Amino acid sequence: SEFKLDTRLRQRHFFAQIKGEVGSSMRGVSESWEYSREVLRSFSAYYRAYPIEAEEDGYLKDKQGRIVRRANQRNIGRKHFQRLNGNRESFPDDGYNFRGRGLIQITGYEKYNGFMQAYSKYWQGAVPNTVEDPDLINEGPNAIRSALWFWLNYRIYVAECGNGFSDVGGVTRRVNGGDVGLEERKAAYELAERVLT
């Protein structure tokens, strides 16, 4: 009840969102920005304004479709993601350093710092310094604890309105601000419905 996972519906939504975020491994992972120039221009106003930089920062494939140059993820973090998610203006690598990690991909300095600041309110022991070592979000109990903190702190549970499957879209919008991965999350909810009876 402390984490608002006190009904089967909420539990199904929580685990469906995790599976939608990190896939069937259900382990903390770091977000990849292995984007092509076309994808960069499709979602980023910065790269639409500077298409030559999209060419430089996106991955490059040869004629056989093999990647011959990986995306410059640090540059993508600095140019697109730096302005988002509570990243600090005076720390140009915040966008890259605080990319999505954990079971529910918490993203941005604001969330990494928020999790660290609230940690002792919910758990005992040493507080993981997720600002100095962001990869700690992917490790052991921090991966699930950061997901629990996110669920509670950002009030994801309020999008669960007692309608089961029909609420997946609303819960997804609260998690990621849109409908990215919605079909995977719907499928994950159906699985959770069968498992968590």
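Mentor: Start with R78. Its relative accessibility is 39%, so R78 counts as partly exposed.

Trainee: Why does that value count as partly exposed?

Mentor: Because buried means under 20% relative accessible area, exposed means over 50%, and partly exposed lies in between, with a 1.4 Å probe and protein chains only. R78 has 39%, so partly exposed is the label.

Trainee: What are the ground rules for this model?

Mentor: It is a predicted model, where local features need pLDDT of at least 70, side-chain atom pairs count only at pLDDT 80 or more, and totals for chains, interfaces and linings use all residues. Residues are numbered from 1 along each chain as its sequence is written, and side-chain values use heavy atoms, leaving out hydrogens and water.

Trainee: Back to R78. What does D93 form with R78?

Mentor: A salt bridge, with the closest N and O atoms 2.7 Å apart. D93 sits in the loop between α5 and α6 (94–97), R78 in helix α5, so the pair links distant parts of the chain, 15 residues apart.

Trainee: What makes a pair a salt bridge?

Mentor: A side-chain nitrogen of Lys or Arg must lie within 4 Å of a carboxyl oxygen of Asp or Glu. The D93 and R78 pair, at 2.7 Å, meets that. Side chains of opposite charge can pair when their charged atoms come close.

Trainee: How many salt bridges does the rule give?

Mentor: The count comes to 15. One of them joins K79 and E53, whose closest N and O atoms are 2.9 Å apart. K79 lies in helix α5 (residues 73–79) and E53 in helix α4 (residues 51–57), so this pair ties together parts that are 26 residues apart in sequence. K79 and E53 are both buried.

Trainee: Which residues are linked in a network of salt bridges?

Mentor: R37, E38, R41 and E55.

Trainee: How do R10 and D6 meet, and at what distance?

Mentor: Their side chains meet in a salt bridge, 3.0 Å from N to O.

Trainee: Is R10 buried or exposed, by its accessibility?

Mentor: Buried, because R10 has 17% relative accessibility. D6 has 44%, so D6 counts as partly exposed.

Trainee: Now the helices. At what angle do α9 and α10 pack?

Mentor: About 125 degrees, with the axes of α9 (residues 168–176) and α10 (residues 182–195) 10 Å apart. Helices here are DSSP runs of H or I with at least four residues, strands are runs of E with at least two, and numbering starts at the N terminus. Axes are lines fitted to C-alpha atoms, for helices over the stretch in contact, and angles run from 0 to 180 degrees between N-to-C directions.

Trainee: Why are α9 and α10 called oblique?

Mentor: Angles under 35 degrees count as roughly parallel, over 145 as roughly antiparallel, 65 to 115 as roughly perpendicular, and the rest as oblique. The angle is about 125 degrees. α9 and α10 are therefore oblique.

Trainee: Which residues of α9 and α10 meet?

Mentor: V168, G169, T172, V175 and N176 in α9 meet L182, R185, K186 and Y189 in α10. The contact residues split into 4 nonpolar, 3 polar and 2 charged. Contact means heavy atoms within 4.5 Å. Ala, Val, Leu, Ile, Met, Phe, Trp, Tyr, Cys and Pro count as nonpolar, Asp, Glu, Lys and Arg as charged, and the others, Gly among them, as polar.

Trainee: And α1 with α8, at what angle do they cross?

Mentor: Roughly 120 degrees, with axes that come within 12 Å. α1 and α8 are therefore oblique to each other. R10, H13, F14 and I18 of α1 make the contact with I144, A147, L148 and W151 of α8. By class, that contact has 6 nonpolar, 1 polar and 1 charged residue.
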